[in-house]
Amino acid sequence: GHWTLERCAVKMEAQKSTLFEVSREIKSEYPRNVKPLENQVAGHSFKDGCGTIGMLKDEEGNVFKPINNPELGRREGLFYETVMNSELEVIKQLKQFVPEYLGTVELAVNGINTQFLKLRDATRGYQKPCVMDVKMGRQTWEPGAPVSKQQREQTKYTQCKQQCGFCIPGFHVYNIMSGTTEKYGKDFGKNLSRENIPEVVKTFLNSASEQSKSVGEEMLKQLNKILSWWQYQRIYHIYSSSLLLTYDAEILRTSSDLPLCSSVRVILIDFAHVFPANNTLDINYLNGLENFVQIFSSVVNKL
């Protein structure tokens, strides 16, 4: 398949014939159109080494998130199912901000059968996708997490999380001026502090382009809708979850009257650590979100 990694092949030698049968079956179900998600900006990707399986995408506008931990995968799937089917008004509101959930599927990757959550791709239809992952909260570990995990989480993106209540694990932007995609990963994100964030937002929005302000304004409109939901919902406390900001840089080339909302999408992702709020606001998430929206808004106003 597209994703055979030579380095992994050696390990597979012994089971090869049976694995070949399995992958042939899967391929017929998934006709050669599933490949790694190039614009994955955070989390485990294929590049991390041959043991990790990253996100995949198909040509129909779906992404596949690998279930690397069965318990967390089960929880996240359950959360999506709840949101997709709930009759509660506050959860119906949330539904418009999360990717559409299409169940779980099994795919053979590098000859190994793996379970995935299947979700609608926020960047479907984009020609030049720009994507930023903003992880919310000063505290990114769930209640009751072992001390070792708390300590590990505290050492990640420390400065940005302490100062802002959020961090930016990564972003990709198609630079309109150079005609190339620029990728900023974890190492870049780790060195960010509050004072650098405006510059990062400007880079992400292609601030040199005349159209960048209108993209920023559409994004801000969507961010404010999400913010107003968080300011009143007392159903969930959500840890280690991200805002995914996306837009198609192709719209910066044209001053068309196309509705921007089809080329700019802000969604919420990553729901493995969702807890009942017991009728209290999620201050940890909310503080980060308010700070991010405030910084984002001041950048957009100056564009």
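Axes are lines fitted to C-alpha atoms, for helices over the stretch in contact, and angles run from 0 to 180 degrees between N-to-C directions. Helices (H or I, at least four residues) and strands (E, at least two) are DSSP runs, numbered from the N terminus. The model is predicted: local features need pLDDT of at least 70, side-chain atom pairs count only at pLDDT 80 or more, and totals for chains, interfaces and linings use all residues. Residues are numbered from 1 along each chain as its sequence is written, and side-chain values use heavy atoms, with hydrogens and water left out.

**Exercise 1. Overall composition**

Determine how many helices and strands the protein chain contains, and what percentage of its residues count as buried.

Solution. Step one: the secondary structure of the protein chain comprises 10 helices and 12 strands. Step two: buried means under 20% relative accessible area, exposed over 50%, and partly exposed in between (1.4 Å probe, protein chains only). By this criterion 51% of the 303 residues of the protein chain are buried. Step three: a contact requires heavy atoms within 4.5 Å. Among contacts in the protein chain between residues at least 6 apart in sequence, 73% join residues at least 24 apart.

**Exercise 2. Helix 9 against helix 10**

Describe the packing of helix 9 and helix 10 by angle and axis distance, and state the handedness of their crossing.

Solution. Two packed helices are described by the angle between their axes and the distance between the axes. Step one: for helix 9 (residues 212-230) and helix 10 (residues 283-302), the angle is about 160 degrees and the axes are 10 Å apart. Step two: angles under 35 degrees count as roughly parallel, over 145 as roughly antiparallel, 65 to 115 as roughly perpendicular and the rest as oblique. Helix 9 and helix 10 are therefore roughly antiparallel. Step three: a crossing is left-handed if the near helix is turned anticlockwise from the far one by less than a right angle, and right-handed if clockwise; helix 9 and helix 10 cross in the left-handed sense. Step four: the residues in contact include Leu 220, Leu 223 and Trp 230 of helix 9, which belong to the side facing helix 10, where Leu 289, Phe 292 and Phe 296 are among the partners. By class, this contact of helix 9 with helix 10 has 13 nonpolar, four polar and four charged residues (Ala, Val, Leu, Ile, Met, Phe, Trp, Tyr, Cys and Pro count as nonpolar, Asp, Glu, Lys and Arg as charged, and the others, Gly among them, as polar).

**Exercise 3. Helix 8 against helix 10**

Classify the arrangement of helix 8 and helix 10, and identify the residues that make the contact.

Solution. Step one: the axes of helix 8 (residues 197-204) and helix 10 come within 9 Å and cross at roughly 60 degrees. Step two: the two helices are therefore oblique to each other, and their crossing is right-handed. Step three: Ile 197, Pro 198, Val 201 and Lys 202 of helix 8 meet Ile 295, Phe 296 and Val 299 of helix 10. These residues divide into six nonpolar, no polar and one charged.

**Exercise 4. Loop residues with positive phi**

Decide whether Tyr 157 is buried or exposed, and do likewise for Asn 279.

Solution. Step one: Tyr 157, in the loop between helix 5 (147-154) and helix 6 (158-164), has a positive phi of about 50 degrees although it is not a glycine. At 9% relative accessibility, Tyr 157 counts as buried. At 56% relative accessibility, Asn 279 counts as exposed.
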